[in-house]
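Subject: Structure handover

Hello,

Please find the structure below, with the sequence. My notes on what was found in it follow.

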Amino acid sequence: MNYQVQLTVATGPCVAARRRTARGTALCLVAFAATLAVSRPLHSDDAAAPQAAVTQAAGESVALKFARHDLARWTEQVKRLGETAAVAAAALDSANKGVADAKAAQAVGDKALADAASAVTAAEQAKAGAAKAVADSLEVLKKTAIEKQGDQAALTAANAGVDAAAKVVEAATKQLADAIDARKQAESNKVAIDKKPAEVETAVKPATEAKAAADKALADVQPFLTLSGERLTAFEKTPPLPDPAATRLVQTITHDRPLLACRFDANGDGLFAGAEDNAFHRWDLFTTSGIHSQVHKSWLGAMACLPGPAGTVLTGGHEGKLTWWTAADSALSAVRTIDAHKGYIRAVTVSPDGTLVATAGNDHLVKVWSATDGTLVKELAGHTRHVYNVAFHPSGTALVSGDLLGVIKQWAVGPWTETRELDGKVLWKYDTGFKADVGGVRSFAFSADGTHLAAAGITDVSNAFAGIGTPCVVLFDWESGKQLKVMKPKDAFQGSIYGVRFSPAGDFLVGAGGGGAGGMWFWKLDDEKSFQAIGLPSVAYDLDLHPDGLRLAVALFDKTLRIYDLSPKFEAVQVSAPPATK
Amino acid sequence: MRCNYACGTAEHLSRRTFLQGAAGALGALSFGGMTTAQAAQQLTSAQKRVVVFWLSGGVSQLETWDPKPGTDTGGPLQAIPTSVPGVHISELLPFTAQQMHHLALVRGINTAEDDHGKGAYIMLTGHRPQPGFEYPYIGPALASHLMPADSPLPGCIHVADGASAREASFLGPRFAPVGLAAGSPPNNINLPGGLSAEQDSRRRALRSKLSGRFAQGRRQAETEAYSASYDQAAALIARKDIFDFSSIPDAEQERYGKHDFGKQCLMARKLIENGVTFVKTTHSNYDTHSENFNFHIEQLGEFDRPFATFISDLAERGLLASTLVIVMCEFGRTPRINHLVGRDHWGKAWSIAVGGAGIQGGAVVGKTNDNGTAVVDREVNGGHLFHTYYRAVGLDPTKAFWHEGRPFHKADPKADAITEILA
Amino acid sequence: MKPIRSWVAAGVLSQVAILATIALSSGLSRADAAEPLRVQIDRLISFQTPGYEALAAPVALDDEFMRRVTLDLIGTIPSAADARAFFADADPAKRERLVDRLLATPEYARHMQRTFDVLLMRRLPQKNVPLAEWEKFLRESFAQNKPWDQIVREILTADGSDPAQRGPARFYLDRDGDVNQITRDIGKLFLGVNLECAQCHNHPNIDDYLQSHFYGISAFFVRSFVMTDKEKLVVFAEKADGEATFESVFEIRDKVSKGPRSSGMKLFEGLTISEPKFDKVDDAYAVKPDDKDKTLRPVPRFSRRVKFAEWVASSDNRRFCRTTANRLWALLLGRGIVHPVDLDHTGNPPSHPLLLALLTEELAARQMDLKSVIREIVLSQTYQRASRRNALAGAPEPRDDQFAVAPLKSLTPAQFAWSVMQATGETEAHRIALGEKFSEETLFTTLQGYEQRFTQLFGGEPGRPAESFESTADQVLFLANDPAMMNFLLRKNGNLCDRLLKLPEENPPAIADELYLSTLTRLPTAEDVQDVQNYLAGQTGDPRTACMQELIWAIVTSSEFRFNH
């Protein structure tokens, strides 16, 4: 699999400055290795984690805590990348030194070879001299034998001369053989030494590139450090409120398959995601590393995080299995997998106190489970078609479930009786040409104070075959159960909404989805038409709100997860992102 | 194209002979009071019948006969084993999977046509469209051979589908399909009070005579279609017992499902049991450019059980061996999953299922590549399929229809039968 | 540039000029100003087909003409008494007089109302506007012979806010203001183009139909929406902002899309409409929308919809005139000069371009007076051709698009219902029963339930009216066995069965005369008389009554009755 993370730094809503590194994968791997080394649990007592920060500095706004946390994480990231860059620099130095050493050794080898060669020459000369001495002594012997016949003593002396000369030849011959051996050895040493520089040379290029990549990674992250510092300063001056008009893209994570679902983790460090590849994913927003685990046998479109420090996430797959995970920076561990539904699990949700889990499935059932041990608490029957969504009221006393037909049932938590039905039929149509039901409750959201419920999907379907209709959010008054509004985009747009959220203060709603193209729309609670629209490059199949209440993540068909910042625009040093390289 | 009545070919002579013969047969039925049991007995295994299940809009081969789970094109659904070891089909067809030993799969279809109308034409006629001429559709074409000469019933009945006289082309109105509303007997199937069968027959004879006189020297396509529908209506009245759903135990209707398609399948079974030669029943709609999987779960969830029940019922009654069953549509759907989680039109590499008469149950022929984007083994087109259908019901596909002194191939001479799936 | 684009851009007039030149150069004499339109029609029909006279059927006799023109103009067959009087009339101008008489009846207005209702509303079910109000609007418009462009303008500008003018607003309101449906239907009805495929992408088979054409039209309607006003009336309101944007699904699929775009208010490749600019959105309203009051109907200062109505429904818009002329021709002759009538494009040229140009110009010159053009068409020899050719064996068969033989037009559901009731004397029986209360209106009210039965069975699906002739077993079973049909045959005071039984038993030819004149608007042939005689031979009392009913049934269900020939 090939994952890539793009970071975008922008100070205005429409300045989408992106970068892509040619060595993105290598960078990820380096960063991933660094993460492995650290392997920090997601919800530790680490002072940098906002969970801890909340307890340490009560009274500070959530957004400020997260801004502080972000700064700490970026600082940490810069430090880590700085260390990586230093290691890379050292590795490059070492490689360069290796080349120099090899070249020096080459000179020494050259001299040794020359010495050996001259030794051979000397030995050859010695041997030639000795051979001449033998010849001379033989000549003397011959002359003596002719001239001094009978002179035994002279003859013996001449013979001795020959013997002595022969011994000298023998010694010279051996010396020459030794010298040749030595020269051969020197030659062979030379071949090895000559290879060395080229060998060590090859290490220089990757080391150079690794250093460049590490330097670049560091340089790229620096602006985020700067920006997060400025963001914190700005937030310290004026507590920020999300401003849809300021919405800008800040980060893009690229995967290799279309994305279906996304959830921020509770400390805002990572984004969990489900995709068409059946795997469960988590990307760290600071280290940009992704971890992936394949447990589900089908697409993963439903997920929910348990509140609190346990680090537990639940996922529901289209094959009907529900999995409990513990998520750490380094690994996603499946704790428990149960057969929850026959057919798709379409939604998972967790009660506000974290004790109960509710799931909705294609078997027309809503099921309630113990969050701690996965036992079935209650099976809620009554829907007649696929149940598309389920949500707990913030009070924890009620559960709502919505189906394909736009039927929304309310159940009392505890007795598990059906207490009310809300009319979401505007989200459904039976298409007589297509002969099928179209629509359904694609997303639920409660306002934080529990006064409103939003249900989202598609309405006014004119062509079921091609999914042509109007994206919409149906707003209900919770107390009366009355439908207050059917909210639609201000401008004509065709498609559906797949994710809806209330702003933390409950003053506006945001929905994301799409059809031919993607879109994100913002509505004030009093208006039927959106007051702000953000085009997305592709259909958004899920939407989540960062725990800081200022950022949104969307999971897109175009294989990206995108994070948008809604914090008010603030004065900042212009950070120009490095140009994209191919 | 309309039948040309001036030609005087043998085909036309036989049609006129039929019109007189049919009146006689009707009379016999009306007066002789042949019982249903006798009629059923007469339905010998020698008479071959054909049922087409038409999955309108183009069902996805990946969610039916050629699943590719775990690939980038496979989607979220799984494959399940079937009653034939080693053959897997989509999890959306659990009941059909249990009937797999009665069905053969053709997994290497390449019709190279992504237009609904043209795709349907290829699959229903076996020929590529050509301007100005229409081949007879599968129902009229096969009925023209298989329908007993003295059959009191229409040769082709479309259950819950538009029945256009155009489908008979030059074979003429005798073989034009009769359309019936979903699962219900036709209204006004009973003669009005006070009118005896004899009187009815008498007034019809006069109606027919007057109409014939009017038609002389005029263009007759419409008038013949109009008159043929009276003959069809008379045939339906004579055999109205086959539409009597009140006699079917509730439990049996329950087995098929009480939705329209369940009723259609039960009706198709009754029609086949009662000797109708060709029945086409349509299930809508599979043109899933968006939400392919949601719609396939819904639609195939409705299709699977009644279809499987139909197959097992026919097998139990000993009728499957003489009834060719074809599950098809205009084309398959794109392996690539689009931005609306839909699949688009795909004639390049897709599948159909056939079973019953002349077919080797459990056979699988043709193969697509790992993610289903191309046929890699035993590629076939509409021509091969028509050769196979003709052979399966014991007919020679290489003999031509003759019309206006010209031969018209029953099946494309450039193709031949898929013998691997023939019994 | 493709031919039609330049044609549209330049307007049809230039094409007419070209055609006129061709006509002159081909020896066709310029139409005399005093020469009636019907004569020009016949000349152009004959001009287009070499050897036309040899190919063509003779002009129909009085009986065939009377039945045809009565069905075409008032939607039912004539009575036996009227037929007798017409046949006996020796005036050479009697056909003209008959046409004028028919065109002046209230039945004409109702027949036109029904015909145009099916065209305009496709038998869509009633939703926000009572059918009766819409029908009344159409009927009164045709009764007054309102110019067609005026009728269409009234329909396209109606917003339903005036309780007295709810009728014409049905066009929008019972489509729920759906911009796509409105765009598609306006293209088909008034511009002769079926842009349905162009909603999602350029038409795959027709080069002339682009997606920008669809959205150029929908731009006029994208600001309009259906709402419920203070008076609890469902009305069609309009905003002062909003654009129609589009993106080809092909381009999305092929990943070459540059994102949604807008074509603005544009009519094909020609006229682009601009609108006044306002500094503030609020200034663009005569009545500003109020977020707090959802029942307040906003009114923009510039209405795109009204602008469109003024442009499209005008005799200056030759595309509108041409489409209207072609549709009128198709209604009467069974086939458009451009055929199908909603596929007017370069690849599908008219069979008789000169004739279509002539009718287009005449319609414009006559200020869209449909009645006067209809009158001329039905008095042309082309219209009056017999449906039976007495051609020699082996003679070439004329093609449908040569208009050489009268086509067999299957009766519409309403024509069939009222003709059956006229033939069997059901209408006569009710006329007698109504006595002084009788009027076209009261008779219609009494018997409209039967018309509805026929429409349900023969009219196709709501929203998709039957287009070509199909005969199904359920229709025939209705005709054969339904109690309503049997009821028409029963003897009632003054109905056909009653009249026939009152005729002397010993005079079968007189019985046959009355039977055939009442049902088929012709006198029986010798063979027909023999049939009647044989059928009744030896029958008395109740069996004779039954035989009489069977005779009537056999005729009204025969092919001769089923078709307007």
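Predicted model: local features only at pLDDT ≥ 70, side-chain atom pairs only at ≥ 80, totals over all residues.

Helix α5 of chain C covers residues 62-74. Its 13 residues should span 18 Å at 1.5 Å a residue, and the end C-alpha atoms are 17 Å apart, which agrees. Most of α5(C) is covered, with 11 of its 13 residues buried.

Helix α22 of chain C, residues 440-458, gives another result. It has 19 residues, yet its end C-alpha atoms are only 24 Å apart, short of the 27 Å that a straight helix would reach at 1.5 Å a residue. There is a bend of about 55° in α22(C) at C:Leu447. C:Leu447 is also one of the buried residues of this helix, which include C:Leu443, C:Phe444, C:Glu451, C:Phe454 and C:Phe458. An α-helix has 3.6 residues a turn, so residues three or four places apart point the same way. Just after α22(C) comes C:Gly460, with a positive phi of about 80°.

A loop in chain C

C:Asn145 sits in the loop between α9 (131-143) and α10 (148-157) of chain C. What does C:Asn145 contact, leaving aside its neighbours within four places in sequence? The contacts are C:Asp369, C:Leu370 and C:Lys371.

Strand β30 of chain A (residues 551-556) is largely enclosed by the rest of the structure, because six of its six residues are buried. A:Arg551, A:Ala553 and A:Ala555 point one way from β30(A), while A:Leu552, A:Val554 and A:Leu556 point the other way. In a regular strand the side chains alternate between the two faces of the sheet.

β30(A) pairs with strand β29 (residues 540-545) of chain A in the antiparallel sense, over five bridges. It also runs antiparallel to strand β31 (residues 560-565) of chain A, again joined by five bridges. A:Leu552 takes part on both sides: its bridge partner is A:Leu545, and it stands opposite A:Tyr564 in β31(A). The hairpin of β29(A) and β30(A) has five residues between the strands, and A:Gly549 in the turn has a positive phi of about 75°. The hairpin of β30(A) and β31(A) has three residues between the strands, and there A:Lys559 takes a positive phi near 75°.

Where chains C and B meet

Chain C brings 45 residues into contact with 40 residues of chain B. Between them the two chains bury about 3700 Å², 55% of it on carbon and sulfur atoms. On the chain C side, C:Arg388, C:Leu477 and C:Asn481 lose the most area to chain B, together 16% of what that side buries.

How many salt bridges are counted between chain C and chain B? The count is five. One of the salt bridges in the model pairs C:Glu550 with B:Arg202, at 2.8 Å from N to O. C:Asp528 and B:Arg213 also meet in a salt bridge, at 2.6 Å. This pair crosses from helix α27 (residues 526-536) of chain C to helix α6 (residues 197-215) of chain B. C:Asp528 is buried, with a relative accessible area of 1%, and B:Arg213 counts as buried at 17%.

Salt bridges within chains

The whole structure holds 106 salt bridges over all chains. In chain A, A:Lys409 forms one with A:Glu421, the closest N and O atoms being 2.8 Å apart. A:Lys409 is in strand β17 (residues 407-412) and A:Glu421 in strand β18 (residues 418-423), 12 residues apart. A:Lys409 counts as buried at 7% relative accessibility, whereas A:Glu421 counts as partly exposed at 45%.

In chain C, the side chains of C:Arg375 and C:Glu96 meet in a salt bridge of 3.0 Å. C:Arg375 lies in helix α18 and C:Glu96 in helix α7, so the pair ties together parts that are 279 residues apart in sequence.

Regards

Terms used: Residues numbered from 1 in each chain as written. Chains lettered and ligands numbered in written order. Heavy atoms only, no water. Helix = DSSP H or I, 4+ residues; strand = E, 2+ residues; numbered from the N terminus. Expected span 1.5 Å × (residues − 1). Bend = angle between axes of the 7 residues up to and from the residue. Buried < 20%, exposed > 50% of the residue type's maximum accessible area, 1.4 Å probe, protein only. Contact = heavy atoms within 4.5 Å. Pairing = 2+ DSSP bridges. Buried area = accessible area lost by both parts, 1.4 Å probe. Salt bridge = Lys/Arg side-chain N within 4 Å of Asp/Glu carboxyl O.
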